[in-house]
Amino acid sequence: MTEKSCTLLVHFDKGTPALANQIKEALEGNDVEAKIEALKQAIMLLLNGDTIPQLFITIIRYVLPSEDHTVQKLLLLYLEIIDKTDSRGKVLPEMILICQNLRNNLQSPNEYIRGVTLRFLCRLNESEIVEPLIPSILANLEHRHPFVRRNAVSAVMSVYRLPHGEQMLVDAPEIIDRFLASEQDPSSKRNAFLMLFNCAQDRAVSYLFSHIDRIADWGEQLQMVVLELIRKVCRVNKGEKGKYIKVIISLLNAQSSAVVYECANTLVSLSSAPTAIRAAANTYCQLLLSQSDNNVKLIVLDRINELKASHREILVELVMDVLRVLSSPNLDIRRKTLDIVLELITPRNIDEVVMMLKKEVVKTQSGELEKNGEYRQMLVQAIYSCAVKFPEVASTVVHPLMDFLGDSNVASALDVAIFVREIIETNPKLRVSIIMRLLDTFYQIRTSRVCTYALWIIGEYCLSLSEVESGIATIKQCLGELPFFTVSEESESQDVSKNSQVVNSSTVSSRRPVVLADGTYATQSAALETAMSAPLLVQGSLASMGNLRSLILSGDFFLESVVACTLTKLVLRLTEVQPSKVEVNKATTQALLIMVSMLQLGQSSALPHPIDNDSHDRIVLCIRLLCNKGEEVKRIWLRSCRESFVKMLEDKKLREAEETRAMAQISNAQPDDLIDFYHLKSKKGMSQLELEDQVQDDLKRATGEFVKDGDDANKLNRILQLTGFSDPVYAEAYVTVNHYDIVLDVTVINRTRETLQNLCLELATMGDLKLVERPQNYTLAPESSRQIKANIKVSSTETGVIFGNIVYETSSNVLERNVIVLNDIHIDIMDYISPASCADILFRTMWAEFEWENKVAVSTIIEDEKEFLNHIVKATNMKCLTPPSALEGECGVLAANLYAKSVFGEDALVNVSVEKQADGKLSGYIRIRSKTQGIALSLGDKITLKQKGSP
């Protein structure tokens, strides 16, 4: 059974359906309220598929004569949804009974009855019912009330657009043209202009240019239709767009924000002239500042982002106007604004942009908003990007940002530490000032991970004698007095540890695996991520202890190993810059004492868990090195570490440069494409704007920007065969995926010698797919074809299936319906995810937070680890975050992180861990994590399917 088109939708509670007999009794009674309720019940039953044929005559007899306005309104709704034709498409004889009532309504003294009846006629598709009412419809065009007149115009348009409407209303365009010339009501003028726009475009254009001076005074609704007309005309005849652009620019000063926004969109779509693009960009910036709705701001920012791709040089001039949107408290708006601005910075505006960002950072220090920490992190990342692109601004931003190393927001402080680490290497002139500032503010750092970054910087970049001595002194001061506890107090501290188990239980219970930068797993406790867990205070320590001491006493053994490595580097460098061996030996002894004390603490029962083997071995190694200092040891510890870091930065810049080059590739024009030289054209009567537009069009044609449809081979890959070649009806579909919706363009071919009637393409979906509309019935002549479009909405990143059949009747046997089952259409998850980048820290944070994991065992005939990784990257359309330098070498083991983002903003994380076995085969696991179940399962199915075959 095919579904009919529906013009009315009402919520219906199926729990308590009314009986037809009860509805009939209520309609036959004299109680108006009961009639209203009964009519509502009848309408809802009809909308939900029930047929109540016996009610029609009752309604004609008892409801039609009623003068109550609500009853008449509901009666029209009832008449709108009932079947008015039989199975052969002919109007039912009883429908003639309602024609007289409709004519009476159209001549009613009450304007409301006239108006709602005219609106009802707009939804009628049966010419036999409408034709006798045409004189009454036309008479209402001269009614005194605008409500009646505007609905009369809509009725005229709907009648004229019926299959034989042009014969029934031959002079409709002329009548509406005269009506438009004399009408004053804005809504009626809009409907009249819309009718000319749809049915007599030449008359609409003529009216537009005859009243071009008064367009600014027209109502908002009419101005919107004018813009729609301009877009339609210019798509057909591009040569005339110059005169229409003047109209659009005049509407940029309209009072309505909606009109101004549509003007800017139309300008961008029609013209590439710098003047027009600049006007549109200025309009977008004004809307950003004038509109309070966050959704509007996000939409306008999307338009600016699209404009940036093709007209970056114009938006560069407006970068400070775009930055003013940061005054909005919404984080999504701020993030999108910063993303746009970072791509618009140039040597000319970098100073202004950085100054603005610094002011915003200062504002975040006031604790008014709860998300200030997250916003500060975004600003730090933005400033970091500016400093990397333009090193000359680093000196102005690095010192103010270093104040945030002790920020309570761990992510923000971590970004500052990473920024400082890179700047101190790339800007040697700033090394001394950064080191001195870091040593002065080191005691403020209260987070373990930030401390590790800061200690590494101190160990690598303290070069002079005074810097090395200051570094050692700072670490000693933050560690406090030694030892951390005494052996005689161990039994007492055991009691303390028992009492503090409640405090530290969260640290012990929250140990979980995390993915390191190289893709391998490690165990990390929450003490590493939470600033200042409750420390174990033992005798000899102070309540106001240093930051390093409090973190170490909370059981952070990784930090202990970093402190030991930093002290080792500083002592080794001291041997090079300190001429006095006495001082060197003294510093060495103090460092050894600290390391031994840390080992003693880790092996005692004073802490809830003992020191891990990795940290223990690293501290022991440092002790051995300090006891046996050699030139080879100095070379490795003082130079090789820095060289590895420099190489990492170079690899990062190289990857960014390659990505930039890949994005900058521009398609070229074909050798036989036509190029017009505007210098040789006649410029008579052309304005400056039209000349600019011609020049830009020629440049686009020359650089191939007009040809962006993709190659035909990719299009052919999207065509799916739905039926067999031997079926009476052949069908194939061209699938287009547009982010949030899928368009199926189905070609249906009648391969028989008979006419196929009531042919319908019935579709159904599985997964998070939803059909927007049901295709209509069609009649196909012998050996003819038809294009049928179906729109499907997508709500999440998940593999979906579209299935269905084609139903039709033949002219030889109308009563028998034929069904052809279609092949299923599988919607691939790859259409919704695209490669994306994210920082290692963010990747690990998301990996720890996301609750859905899909674990796929490696099963492949590929025997090379890197080849397998490339195969997975290609099959999943993801980006490998692990740098190529980390994947170099042949060790038989490979671990890498992959990342992608869906069009719905969902994150997809993949960790590939493989190992080559003795027989040459690969084994291991591919882990997928996401916030939603659908993307994890769909991506896992895709990997399982693709990994088995050879690449």
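Select Arg334 and Tyr375: the charged end of arginine 334 sits over the ring of tyrosine 375, 3.7 Å from its centre. The rule requires NZ of Lys or CZ of Arg within 6 Å of the ring centre and within 35 degrees of the ring normal. This is a predicted model, where local features need pLDDT of at least 70, side-chain atom pairs count only at pLDDT 80 or more, and totals for chains, interfaces and linings use all residues. Residues are numbered from 1 along each chain as its sequence is written, and side-chain values use heavy atoms, with hydrogens and water left out.

Next, Lys232. Its charged end sits over the ring of phenylalanine 197, 4.9 Å from the centre.

Now the ring pairs. Rings of Phe, Tyr and Trp (its six-membered ring) pair if their centres lie within 6.5 Å; planes under 30 degrees apart are stacked, over 60 edge-to-face, the rest tilted. The count is 10 aromatic pairs. Select Trp456 and Phe645: centres 5.1 Å apart, planes at 65°, so edge-to-face. Tryptophan 456 lies in helix 27 (residues 448-461) and phenylalanine 645 in helix 35 (residues 631-663), 189 residues apart. Helices are DSSP runs (H or I, at least four residues), numbered from the N terminus.

Move to Phe843 and Trp847. Their centres are 6.0 Å apart and their planes at 20°, so this pair is stacked. Both residues are buried (under 20% relative accessible area, 1.4 Å probe, protein chains only).

Then select Phe193, Tyr207 and Trp218, a cluster linked by ring pairs.

Last stop: helix 4 (residues 69-81). 10 of its 13 residues are buried, so the helix is largely enclosed by the rest of the structure.

Definitions and conventions
Buried means under 20% relative accessible area, exposed over 50%, partly exposed in between (1.4 Å probe, protein chains only). Helices (H or I, at least four residues) and strands (E, at least two) are DSSP runs, numbered from the N terminus.
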